[in-house]
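Me: I would like to learn how to read the features of a protein model one at a time. Please take each with the general idea and then the case at hand.

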Amino acid sequence: MSLQSDNLGAETKPEAETIAFPPGFLWGAATAAFQIEGSTTADGRTESIWDAFCRKPGAVVNGDTGEPGADHYRRVGEDVELMRELGLGAYRFSIAWPRVRPDGGAPNARGVDFYDKLVDRLLAAGIAPWATLYHWGLPQALEEDGGWANRDTAYLFAEYAETILSKLGDRVTSWTTLNEPWCASMLGYGNGGHAPGRTEPAAAVAAAHHLLLGHGLAMDAIRRHAPGSLASITLNLFPTAPSDPDSAADIEAVRKVDGLQNRLFLDPVLRGSYPADVVADLAEFGLDELVQDGDLAIISAPLDLLGVNYYRGYQVTGTARDDAEPAGLDWPGARDVYFVTDPALPRTDSGWVVQPDGLTDMLLQVHREYPGIPLYITENGASYPDDVQDGGEVNDQDRVAFLDSHLRAAHAAIGAGVDLRGYFYWSLLDNFEWAEGYAKRFGIVHVDYRTQVRTPKRSARWYAEVINRNGIG
Ligand code: FCB
């Protein structure tokens with residue numbers, strides 16, 4: 001089957017300009033272990049916080065769980081073949097800590113073996129393996145000892161990194177320590193919408209610091225075991241705009257949200273300090289007291305690149321009004337902040353605004369404020385309902401339009417001087433979308449969870465064509 005045969009791009013936007021990406025631009029797709037693997041008790045794997053969270057009534061839409069999901073653990077050969085047919089240059093996947101060190105304890109060779117073989121399969125298919133060490137699957141046993149709110153977890157994370165790096169460090173092209181520490185800390189421990197489902201703002205702040213400490217400690221393992229590979233962290237960054245650019249209260253609301261969402265993570269990693277205004281906003285939760293001598297030097301170990309996940313931007317106001325939601329527990333310390341929802345804007349099936357220019361803005365913001373670090377978009381994508389038509393086709397024109405507009409936005413950032421070197425679509429396969437269960441489909445490949453049949457959607461064929469041309473034309 002060739003996925004690169006027809007020129008779907010021209011059909012999508014007949015009037016739009018042809019664009020070419022710089023030579024060597026990396027094209028990929030991303031997934032994460034808990035979202036696709038299934039086989040949650042195979043080969044010595046023990047529970048993660050997401051297995052436990054799925055059992056809490058009402059925590060996950062439809063009570064769906066990670067089992068069997070897209071069944072990738074058993075269908076890995078077929079899935080790598082799909083990637084090869086798409087022409088992917090790289091595949092971003094994550095490693096499940098509870099497979100590699102069940103319960104956060106001793107190493108488990110059978111768990112490591114799955115990733116060992118995955119990496120070899122990818123290399124044999126000519127696809128660069130991009131591995132993420134932590135995409136939210138903390139062993140549940142460690143949560144019972146306090147989870148990320150406990151500083152010891154950072155050191156246990158480094159031991160886990162050591163185990164996996166000592167086996168795969170010779171073959172993985174790029175290592176990412178953490179995926180989206182904002183979600184892992186603020187959604188997991190602050191608003192409780194993600195595992196482990198705690199609603200304790202002080203624990204959320206502690207989790208953020210300990211995740212970053214774990215990142216820095218794991219960087220050391222990467223440098224020792226994988227000196228030739230690229231090392232990074234992935235952050236989910238949100239461009240934040242004032243509802244009224246002339247309102248001092250709205251501009252102050254932007255400062256707070258940009259601080260808690262973006263700068264709380266960017267600054268310690270790329271500048272070696274927490275931003276003073278954010279430390280002040282978080283004073284009642286004790287960020288300052290958590291930081292021990294030497295932590296920030298560990299956290300700011302030099303990176304080879306920064307991974308940026310982009311889905312949408314925020315519009316905020318400092319004044320309560322009917323069309324704005326007050327900031328919740330995801331932004332501890334954000335007093336007098338309200339998120340504006342504009343009903344006129346187009347949205348995905350997740351209810352997220354479609355805002356491609358926000359991607360250009362965010363990349364430019366990082367480029368301006370943190371110069372010199374190469375950037376990769378490690379996630380960008382959209383959920384749409386994706387009906388399977390007669391004949392098995394999924395004609396996801398909405399996703400093609402989303403991809404087209406966001407790739408043009410990425411290209412515009414490059415044109416404005418941003419050192420952007422690659423793009424990973426989220427996601428290769430339809431999968432378990434966290435608290436939304438299997439209700440939201442982000443894949444360019446449709447998965448029938450009952451039969452496990454994979455069907456490349458129209459967007460997969462469109463993306464394959466982009467990869468083939470290194471552009472849109
Ligand atoms: C990101 C997550 C990823 C996926 C997308 C839609 O926040 O990193 O696992 O769920 O959102």
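This is a predicted model: local features need pLDDT of at least 70, side-chain atom pairs count only at pLDDT 80 or more; totals for chains, interfaces and linings use all residues.

Me: Which strands does helix H10 lie across?

Reply: Helices and strands here are DSSP runs, H or I of at least four residues for helices and E of at least two for strands, numbered from the N terminus. Contact means heavy atoms within 4.5 Å. Axes are lines fitted to C-alpha atoms, for helices over the stretch in contact, and angles run from 0 to 180 degrees between N-to-C directions. Helix H10 (residues 201–225) lies across E4, E5 and strand E6 (230–236), and runs at about 165 degrees to E5.

Me: What do the strands form, and how are they paired?

Reply: Two strands pair if DSSP finds at least two bridges between them. In this model eight strands make a closed barrel in the order E2-E3-E4-E5-E6-E8-E12-E13, with parallel pairing. From one strand to the next, the twist averages 25 degrees. As one case, strand E2 (residues 26–30) and strand E3 (residues 90–94) run parallel and are joined by three bridges. In that pair, glycine 28 stands opposite alanine 90 in E3. H8 packs on the sheet and touches strand E4 (128–134) and strand E5 (174–179), its direction making about 160 degrees with that of E4.

Me: How many salt bridges are there?

Reply: Side chains of opposite charge can pair when their charged atoms come close. The rule for a salt bridge is a side-chain nitrogen of Lys or Arg within 4 Å of a carboxyl oxygen of Asp or Glu. By this rule the count is 39. One of them links glutamate 465 and arginine 469, with the closest N and O atoms 3.0 Å apart. Both residues lie in helix H17 (residues 458–469), four residues apart, about one turn of the helix. There is also a network of salt bridges that links Glu252, Arg255, Asp258, Arg263, Asp277 and Asp281.

Me: Which parts of the chain does the pair of aspartate 295 and arginine 151 tie together?

Reply: The closest N and O atoms of this salt bridge are 2.9 Å apart. Aspartate 295 is in helix H14 (residues 295–299) and arginine 151 is in the loop between helix H7 (140–143) and helix H8 (152–168), so the pair ties together parts that are 144 residues apart in sequence.

Me: Are the members of these pairs buried or exposed?

Reply: Buried means under 20% relative accessible area, exposed over 50%, and partly exposed in between (1.4 Å probe, protein chains only). Aspartate 295 and arginine 151 are both buried. Another salt bridge joins glutamate 47 to arginine 55, with the closest N and O atoms 2.4 Å apart. Here glutamate 47 is partly exposed, at 29%, and arginine 55 is exposed, at 56%.

Me: Which residues surround the ligand?

Reply: A residue is near a molecule if one of its heavy atoms lies within 4 Å of it. The ligand is surrounded by Gln35, His135, Trp136, Asn179, Glu180, Tyr311, Glu379, Trp426, Glu433, Trp434 and Phe442.

Me: Where do polar side-chain atoms come up to the ligand?

Reply: A side-chain N or O atom of glutamine 35 is 2.8 Å from an oxygen atom of the ligand. For glutamate 180 the corresponding distance is 2.6 Å. A polar side-chain atom of tryptophan 434 lies 2.8 Å from a ligand oxygen.

Methods
Residues are numbered from 1 along each chain as its sequence is written. Side-chain values use heavy atoms; hydrogens and water are left out. A polar contact is a pair of N or O atoms within 3.5 Å; within protein, one must be able to donate a hydrogen and the other to accept it, and residues adjacent in sequence count only if both atoms are side-chain atoms.
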